[in-house]
Amino acid sequence: MHLVIVESPTKAKTIRKFLGSDYTVIASMGHVRDLPASSEEIPAKYRKEDWANLGVNVDKDFEPLYIISPNKTKTISELKKLLKDADDIYLATDEDREGESISWHLLQVLKPEVPVKRMVFHEITKTAIQSALEHPRDIDQKLVRAQETRRILDRLVGYSVSPVLWKKIAYGLSAGRVQSSALKAIVDRERLRLVFKKGSYWDVGAMLEKDSHPPFEAKLMSIGGQRIATGKDFDENTGALKSGSEMKLLDETAAKTVADKVRTATWTVNDVTEKESKRKAPAPFTTSTLQQEANRKLGLSSRETMRVAQGLYERGHITYMRTDSVNLSEEAVKNIRGLVSNKYGEEFLGAPRNFAAQAGAQEAHEAIRPSLSFTAPQDIDLSGAEKNVYELIWMRTIASQMKDAEQLQVTVALQAEDAVFHATGMRILFAGFLRAYVEGADDVEAALEDRERPLPELKKGDQPKCVSADAAGHETKPPARFTEAALIQFMEKEGIGRPSTYASTISTLLDRGYVRKAGNALVPTFTAMAVTQLLERHFGDLVDVKFTSKMESSLDRIAEGKEDWLPYLTNFFLGDKGLREKIKTELENISPEEAKTVVMPTLEKYRVKVGKFGPYVESSLPNTGTEIKASLPEALAPGDLDEKAVETVLADAQKGPTSLGTDPETGKMIYLRTGSYGPYLQLGEEEEGSKVKPKRVSIPKNVPLETLDQSKALLILSLPRLLGVHATSGKEVRAGVGRFGPYIVHDGDFRSLKKDDDVLTVTLERALELLAMPKGTRGRPSTGKEIGKHPDDNKPVTINSGRYGAYVKHGAVNATIPKDMKPEDVTMEEALKILSTKKKGKTTRKKKTA
């Protein structure tokens, strides 16, 4: 029997289809061992060692302390049992550094006495698997060492610097080799927004028509030979025109005067400029460009994109999804060119394209593409995000081997009195690769036309008619915040991290509360500002882009065998200017008060700090010197905090709670207060020393504060209010307001109310209607959503939502999903881990009882 070990059950299931009955394919469920995640995992004999909390013996050549996770003991037992009957072992983990490391760890744990072969492939197809079996290799020790060095380096930074943040700012904060550099980029962008001064300007737009052609737009460019100012002519630091600018700045009166004048003027075409241009076909996707495009076009986060791509790869639909190579195999290029020729015609084919990879590309040997069959998106059994991502990959790959698109850019200069306007248009002369990008459209020609900006046939001396002319006011915009796509692009350009780390880095920033999302933008919190500030002052290298990039380059050289790992780690951590010595020196120099104070250059009279309960602002009253404090709302971004906003927050705090009368049942006062999550009602005073907190209820967003009176306050305080009893279960149905908005709940089943529903008036009938709908609240999977079959019995494994939160279900076993994991992100591999832990716990309890 040949034993084949892969990482995940889905990958195992796909590979089984291509192998005979003499092959047994089993999943290791990812890494079987790792550095200890917590002090509880450290073996007793090491706990008193100085290095124990690091999990790395830095004084013994950085020897790592590897621990077999409790939830992996069953997996290892199964592997060892199968090993007894195996003639040989094929380690078929992923082809990157992480996959190589998993294979190496399996070898160390299993200690097989039979031949061991490493098989690698970048797509899971019959041909690829057969080829990998026929051409195995040994484990690449250079890749293993590079991954281990990277892991140790991350542990040294994270576990050494994070405790500094706990002592000086707040417990639970973290620093990271890649994470902190990425966070600094987000914080720096927010600082630019903070000092940004907006400028105002006006311009004029006109709608013109010629003959029967639809009206077209023209924009004012100059008056009396002087070009008018636009947004790019302003200084971001002053809000005024840049020094030395000779542009004419229009105000509202001047712009309206121009509009009135040209509305009845004779318009004449002064010049028509035509310029042909080519738009190059894009390279196939790398990990980075796939994440960027999926974020821009599909609205998927980098984590969601990688989860979907992982599933597509493991089921054999696409090639390996962690790569920074843009290369395509000769066979792939041949198949693509045949598809283009058959589907679009020979005229869309040029010479075979080879794309140059960026320096240092090494995560895998080929770009992300569909498997060699190149099945069209409409012919594959996929839906939702999986279908959308596959279609994106398919279109991009096909387009990469098509001819460039040819376009005609047209600029028309028009004169009206002493004002010059420009109209611009674009026409597609030859669609080229763009033809593939409208594959999903019902009418391809119409879809291509939508990309054009047509102008009528115009020549010098023509006199189109002015249909309308209007003045419009504008304000300059502050530097845009990073989106996930923009941050990944920045990280790739600057050499921060590697393709396999982008998604996890962004997820960490979001999960740790350093960044929140406002639409698609990444907004840093005040905590992020304080942490970045401390690291800049005392550990500048760790947030310096060039230093972080240099570290990545060193790790790449270690992987290539061009640099020795031990001297590198020794110099970084134990050198005279190493991190360990730096921490000892700087720890004494860091003032907790200074560390918690966020520098806000635009707020000279106020101090913004980060405390145990979140960010707050403090100031001293001018007459008495009395210090006043007020919590800053969670939704208030640092870049939007100006003196006016601070004064409003402090004024509300000075007023104290507003009284809305007395509750007739308890006799307690009803107060209107404001907290981090917005306005809320409080019933009674908070008694000093009492563990019983007064009742507090958030005010629904659809209730204007100025309309709040005693009767409405009592109605809100009755939340969660009883709507009635469910006819089937006999249990209560209630309506309330939580952190994420108004909801109804029945027997632990929470449903968000829709936009038109009012939590104060919603009826039992409407609540039952909502409860009957399939659940999908806040992006969570529907109740009972199947994510795969269990490898032991082929029964479904599902994600469910219950009274105590989300859980994984397999047969009669229900296992709660940890709070730090989002249900929608749980993979089959993680689900099996969670179930395994639950089953092991049950077994242990039975033994103790007996």
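Biologist: How do the axes of helix α8 and helix α14 cross?

Modeller: Two packed helices are described by the angle between their axes and the distance between the axes. Here the axes of α8 (residues 287-298) and α14 (residues 499-511) come within 8 Å and cross at roughly 40°. That makes α8 oblique to α14: angles under 35 degrees count as roughly parallel, over 145 as roughly antiparallel, 65 to 115 as roughly perpendicular and the rest as oblique. Axes are lines fitted to C-alpha atoms, for helices over the stretch in contact, and angles run from 0 to 180 degrees between N-to-C directions. Helices (H or I, at least four residues) and strands (E, at least two) are DSSP runs, numbered from the N terminus.

Before we go on, this is a predicted model: local features need pLDDT of at least 70, side-chain atom pairs count only at pLDDT 80 or more, and totals for chains, interfaces and linings use all residues. Residues are numbered from 1 along each chain as its sequence is written, and side-chain values use heavy atoms, with hydrogens and water left out.

Biologist: Which residues of α8 and α14 meet?

Modeller: From α8 come Thr 287, Ser 288 and Gln 291, and from α14 come Pro 499, Tyr 502 and Ala 503. Contact means heavy atoms within 4.5 Å. By class, this contact has three nonpolar, three polar and no charged residues. Ala, Val, Leu, Ile, Met, Phe, Trp, Tyr, Cys and Pro count as nonpolar, Asp, Glu, Lys and Arg as charged, and the others, Gly among them, as polar.

Biologist: At what angle do the axes of α5 and α18 cross?

Modeller: The axes of α5 (residues 141-168) and α18 (residues 579-589) cross at roughly 5° and come within 11 Å. The two helices are therefore roughly parallel to each other. Their contact includes Leu 156 and Lys 168 of α5 and Ile 583 of α18. Its residues divide into seven nonpolar, one polar and two charged.

Biologist: Now for sheets. What is the order of the strands in the open sheet of four?

Modeller: Strands of a sheet pair through backbone hydrogen bonds, either parallel or antiparallel. The order here is β22-β23-β24-β25, with antiparallel pairing; two strands pair if DSSP finds at least two bridges between them. β22 (658-662) and β25 (695-698) stand at the edges with a single partner strand each, so one side of each has no neighbour in the sheet. From one strand to the next, the twist averages 30°. Four bridges join β24 (residues 678-683) to β25, and Leu 681 has Val 697 in β25 as its bridge partner.

Biologist: Is Ser 180 buried or exposed?

Modeller: Ser 180 counts as buried because its relative accessibility is 6%. Buried means under 20% relative accessible area, exposed over 50%, partly exposed in between (1.4 Å probe, protein chains only). Ser 180 sits in helix α6 (residues 179-195). Beyond its neighbours within four places in sequence, Ser 180 is in contact with Ala 175, Leu 535, Leu 542 and Val 543.

Biologist: What pLDDT does the protein chain average?

Modeller: pLDDT is the predictor's confidence in each residue, from 0 to 100. The chain averages 87, and 94% of the residues score at least 70. Over residues 842-850 the pLDDT is below 50, and this stretch has zero contacts in the model beyond near neighbours in sequence.
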